[in-house]
Structures are given as structure tokens and as C-alpha cells.
Amino acid sequence: MSRPFLPCSTARAFSRAALPCPSAPAASPGAGIDLRTGRAAVLRQRPRPIAGGVWVAALLLAASGCESLAPAGTPREAPAAQARLELHAHDAEVWAFSARIQGALAGPGTLEDCAVRVGNDVIPAAIEERQFFADVPLREGDNEISAHCREITSGDLASPPVTYHVKLRDAPKARARSSFAEGRLVLDATGSEPGERSRAELVGFEWLRLPDALSTPEPLGASPRLELPAPDAGDPALYELRVRDARGRSDAARVAAPPGDLPPASAPSWIDEAVVYGVVPPFFGAPPLDSVRAALPALAELGVNALWLSPLFATLPGDFGYAVTDYFDVRPDYGTAQDLEELVGEAHRLGLRVLLDLVPNHTSAEHPYFQHAEQRKTRAHTFTFYDRDAAGEPTHYFDWEHLPNLNYDSAEVERWMLEVSLHWVRRFGIDGYRVDAAWGIRQRRPELWSTWAAELRRVSPELLLIAEASARDPYYVEHGFDAAYDWTEELGRWAWEGVFDAPRGIAARLGAALAATAASTPRPERTLRFLNNNDTGARFITRHGPGLTRVAAAALLTLPGIPCIYSFDELGAEFEPYGGLTPVSRPAAGDLARHYERLIRLRRSTAALRSPGLVTVHAGPDDEVFAYLRHGDDTSRFALVVLNFSDQPVNRKLVIPKAFADSARSGLRDGLSGATARLQAGSLDLDLEAWSVRVFMPR
């Protein structure tokens, strides 16, 4: 229970000429009175002058132990029992260090003076007829808030208290910058900031070097500014800054320093080598997170180097995970926070990075914030957390009535989701996010993603950020994302949809899809390519059979872009992702798994297959064979990929452009089978078996 703000018997009106009580210190402008000690307590901002401010001063003096200076026996009317104060607020979680507190007089009467008490601070409130409001500072943790007003006939009134729990940590913000000067690397921490509320002085700085994001840090020095020898070529080191303030609060940030006098990279250094594997934990067994951890050695052996875990935030029983009820907790049917920590640690030891599926566009309709808003309407602190139409009803996309959109015009929502994003990076060391429905926030608040990505990269510049949105919209790679989906301009439509539906014409349709994407984005190599994901329904092998799956997998892993293999694609498992969260029946590893493994190994060992260059090679009058050259800046180091999408053997003569043919005078070698071939007058004559794949490179 809170203490009464002020006994009415000591809150008598007094003259404007009254002086401060000699036994208590005078409050300076912009200060309140600590009601327990009588000492001046500095407020975050100067209280705004209001009519009748003398009464508030009387409250403060009385609270500090001063006797009223008004004449004894001043007449006072009896209080009207029906008059009371109501705060337009309830207990709430708050994602800010300040809030506007509003309330009103219930019952007859006229408000004369009002103030809002937050803990031991008293903030004058503005009055508008029967209502009042004040913008009040808040502290980390619990803040007990009550309103105190004087009504002309009823006298002193106090509202029941509410508690605002500030979820933010009042800690400093580390900012690490790197530059080159006279051939030396300069690490600079002088842009670091004190805590938002405390403004406590920064007293400690520590720099560490990480050979890469998965390595153990090596101490370098304890100064705000360091000068070091520039990293050697081929050694793009990562540096971590740790800062500490006078209250013992700390923060960390990282900065990448590319070798030589080069500008910082705009994407993680490992992006071109990324082969992503989509993981739905319960498909692997029970308990889910432990089962995924047990599968890590096999996934590392397959050759993938990044795992994308389906949503694992707390949700409703049986939900796939996109209806989040708590963003800071692991869903209990998957495991515990410790299980996740051990999974990430083991993945890192095996050279695997871990991406989470972030769901910032909406929450579940069962999220406590939405439930509070529905129950208390505009008096709920979280009412404005949700996007609403003109009638005040929550908005949603498609038939997702159970997934109300968040309102990113609210600074608290923006901060809340930023803290969610940072939490999993800091607490578990995760390596990036696939961001669900990124297109929705782009529609409602297009400026958000750049600041969100910049703040994440302040903490960890090696994060991979993938937008669930079309790569044909350059907005995403221009606003902080590293990649986006291989969709058409139509929301959610796979760019390769329809390509494989008819047996003839596959090569022409695939070439047209690739050309359309390349024409729409400056970075086609930043396209997340896939045959299956959680939204593609029945698996590719179910719809098209094992032969075509084999060739399509080769296209996936040899074309420009970031390839994504989904749970058990390499095994030929057949299921529908939304068919239930139970272990998936899957065949033992066989020829298809070996095919995937060889392709992944070849991609990771062949620079040309990870480069952006793509040149289509004419393969004859019909459309069963699709051939293309992959290359980087050095065209002498290329890869020639030949795909036979037919269920029949064919013979084709490929004419190789002269710039590439000149580099193949010593012949070609197939990186998959080891077979060799030679060009004749710049042409390559090939006999191709049904559903065959060749990946030639100069010998």
C-alpha cells in the first residue's frame, strides 16, 4: 500500500508571499521534494507553470514537514463523498522512461490544482476543465503513480495508485567506430552514451579482438581510443567494445575492420558463403531443441553453415509460432532458455550460425498487451500499441484476424521490438534474423527498418538480416536488410512458381524468372532462393518427383543468390509444414542427400559459384537444357553449369563466349563427377543423361 500523498489537515491554503520553511531546504526550479526525506529531488524536466501553483507548493512544503503558513482556523467545507479522482491508467509495462499520465474528476465539482506523484517525485499537472494530465519521468523497474488534486468544495482528493513497470534497462550505450589513419587502424569509443535516465558517467572502456564472430575475444586495451596496426590482407577482424558507467551498468558493441584502407562492409563478411537450412524444431523429434542439437553434426556434414529456426517465442499450444504471446521467452513445448543456449553454443563450435524467425509485424490476439487493450480500450496503456482503423478497431492482413498489427507510429512499440531483437543477440549470441512479414511494416512505417538494422549492427555487425519480402523491391537491401525472398512483385508469389509445372519449356521459364529478378534489383545475388519453405505447401519432391527435384536442387545451389534448404529436403521427406508439430517421417540418407552434399561442397569451394556474375549460354532450339556461366571479376575462373530438365537423354552443343573459351584451352573438368571435356572451336558437345547435372570448371 502507498503512503497518503498529504494529510488534508496539513494542506491548508497559504499566501503567495509565504517563504520556505526554515527546517526544510528550498526546492530549486525543476526540482521536486522527496516526501520521505524532505530533500529536493531533481526532476527530468522543469515542471510547467500552472494556475493555482501555490497549492502544489503547499503540498510539497507540507510533505517535507513544514507547518502551513495560513492562519489557524481557516474555514473549510466538508468533503463531498461523491467527488473522486480517477486515473485513466491501469498497471502496465512501459517501454519508455517517461509517460503522459491523464485523469479526471468523477462526480460534481471543479478542479483547482493537481499534481501527479511518481514514487517520491511530484510533478504539477495541467488542468483542462474536469481533466488533468502531466508528462512524468519514470525510472527502471516499478513506478508507483497517483494523482492528487484540490477540488473547490471537496478539498483534497487522491486517486488510487497504479504501477508502471519500465522494462528498459537504464544502461550506457556503447558505440564503436573504426577508421584508418596513416596506415593504422583507429578504434574510437568516444561516441558512447550514458544511460538514458541516470546519465551516469562512463568510467570504464575495454577493447577486445575477435578473429571472427564465433571466436573467443582477445584483450587489446582499456582506452576510449586505440591505434593499432592495420589488419593483414585476408584478415577482416572484428573488434568488441565494452563500456561501464559509475553505477556499474555496462554495454557492448562490435565493429568490423576490413583489411587495408577500405570502407566498412555493408553486409556480414560471410554472406557470400551462406547456405541456409530451415529448421522446424519439433519436426526433428522430442524434445525439439534437444533433437535439433543432436542433429547438428549431420547438418554440419551436409555442408550448410547457417540454421534458420522457425519461431520459438512463447505462443499458443499447437501454433506454428507466428502468433506470439511473449517475445522474451522460449516456448516451453520446445525446451528452455538453457536448451537454446546449448544449441547455439554447439552450433558455433561446429561452424554453424543460428538465425531466429522474428515476428515484429503483429502479435497474437492472446498477447497480454492486446488483451489489456481489448478489455480497457483507450484507458489501457497498450491501446496505442496496435494499428487501428478510423473506427478504432485493430487492423490485420488477409484473414489473420487473430494477428493484430502493431502500431509503429508508437515510439514504445518501436523500442519494444528493438529490445526484443537485441535480447536474443545479447543473451544467446544468435547470428541474425529472418524477419516475418517485413513487407507489412514497410507499408505502414517505411523509415523504420534502416534505424532498426543500424542499431542491431551497432551491437553485432556480422548479423545476417533477411526480409520476408520480394527481392525485386530494392527498398529492402537499401534499408538495412542483406537479402529478401525470391518473390515476384505480387506479395508471397514465388518467382519460380509455374516454372516446373509442365515438362517442356522449363529452361525458358526459369531463364525468364531469373531475368525478371535481375532487372528489378541491383543485387540479384542477395536473393534468398528456395524450393521449399514453411509457406510452399506440399514438398517440391511430392509435386514434381525425384528426378526434377535433383536438377532443381542443382539450380538452387549454383545460381546467384543465397540458397535455402528446408527441413529434410536433402532426404526427400514428404510433408506439409502446417500439418502439425510432430516429428517428420523421413527416409535414410541416400543418393539425393549425397547429391546435395556434393553441390554444397562445390559451391563453398568454388568462388565463381558464390559470385554475382551470370551469363546464359544458348543450349539449342528446345527448352529442356538450361546452361549458364558463373563468374566473378576474373572471367578466367568460371563455372559452366549445364542442367538437363528432361526425363530423356539429350545431346547438345554449347557455344561458349570467347572471353571464357580462351581460359578453357586446357579443357574442362566436372566438379561433381570428375569427368573431363574439351572445347572444339569454342563449342562444347555434350551427351546428357536424363535429369543430369554438370558443373564444369577450367582445368
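**Sheet, cores and cysteines**

Mentor: Keep in mind that this is a predicted model. Start with an open sheet of six strands, paired antiparallel, in the order β30-β31-β32-β37-β34-β35.

Trainee: Which strands stand at the edges?

Mentor: β30 (613-617) and β35 (676-677). Each has a single partner strand, so one side of each has no neighbour in the sheet.

Trainee: And how many bridges between β32 and β37?

Mentor: Four, in the antiparallel sense. Strand β32 covers residues 638-644 and strand β37 covers residues 693-698. Leucine 643 has valine 693 in β37 as its bridge partner.

Trainee: What lies across β31, β32 and β37?

Mentor: Helix α11. Its angle to β32 is about 160°.

Trainee: Zooming out. How many helices and strands does the protein have?

Mentor: There are 13 helices and 37 strands. The protein has 699 residues, and 55% of them count as buried.

Trainee: What about contacts along the sequence?

Mentor: Take contacts with a separation of 6 or more: 67% of them come from residues 24 or more positions apart.

Trainee: And the surface?

Mentor: The accessible surface is about 29800 Å², with 50% of that belonging to carbon and sulfur atoms.

Trainee: Now the inside. How many residues are in the largest nonpolar core?

Mentor: It has 165 residues. Trp424, Tyr433, Trp452 and Trp496 have the most contacts inside that core. Helix α11 (residues 540-558) gives the most to this core, with ten residues.

Trainee: Pick Trp452. What does tryptophan 452 touch?

Mentor: Leaving out residues up to four places away in sequence, tryptophan 452 touches Leu358, Met417, Leu418, Ser421, Tyr433, Val435, Leu465 and Phe481. Apart from this core lies another one of 21 residues, among them Val617, Val625, Phe638 and Ala661.

Trainee: Switching to cysteines. How many disulfides does a search of the whole structure find?

Mentor: One. Cysteine 114 is joined to cysteine 149, S to S 2.0 Å. The pair links distant parts of the chain, 35 residues apart. Cysteine 114 sits in strand β6 (residues 111-118), cysteine 149 in strand β10 (residues 141-151).

Trainee: Why is the disulfide right-handed?

Mentor: Because the torsion about the S-S bond of cysteine 114 and cysteine 149 is about 115°.

Trainee: Is cysteine 114 buried or exposed?

Mentor: Buried, because its relative accessibility is 0%. Cysteine 149 also counts as buried, at 0%.

Trainee: And cysteine 564, buried or exposed?

Mentor: Cysteine 564 is buried, with a relative accessible area of 1%.

Conventions: Residues are numbered from 1 along each chain as its sequence is written. This is a predicted model: local features need pLDDT of at least 70, side-chain atom pairs count only at pLDDT 80 or more; totals for chains, interfaces and linings use all residues. Side-chain values use heavy atoms; hydrogens and water are left out. A disulfide is a pair of cysteine sulfur atoms within 2.5 Å. Helices (H or I, at least four residues) and strands (E, at least two) are DSSP runs, numbered from the N terminus. Buried means under 20% relative accessible area, exposed over 50%, partly exposed in between (1.4 Å probe, protein chains only). Contact means heavy atoms within 4.5 Å. Accessible areas come from the Shrake-Rupley method with a 1.4 Å probe; for residues, only the protein chains shown count as cover. A nonpolar core is a set of buried Ala, Val, Leu, Ile, Met, Phe, Trp, Tyr and Cys residues joined through side-chain atoms within 4.5 Å. Two strands pair if DSSP finds at least two bridges between them. Axes are lines fitted to C-alpha atoms, for helices over the stretch in contact, and angles run from 0 to 180 degrees between N-to-C directions.
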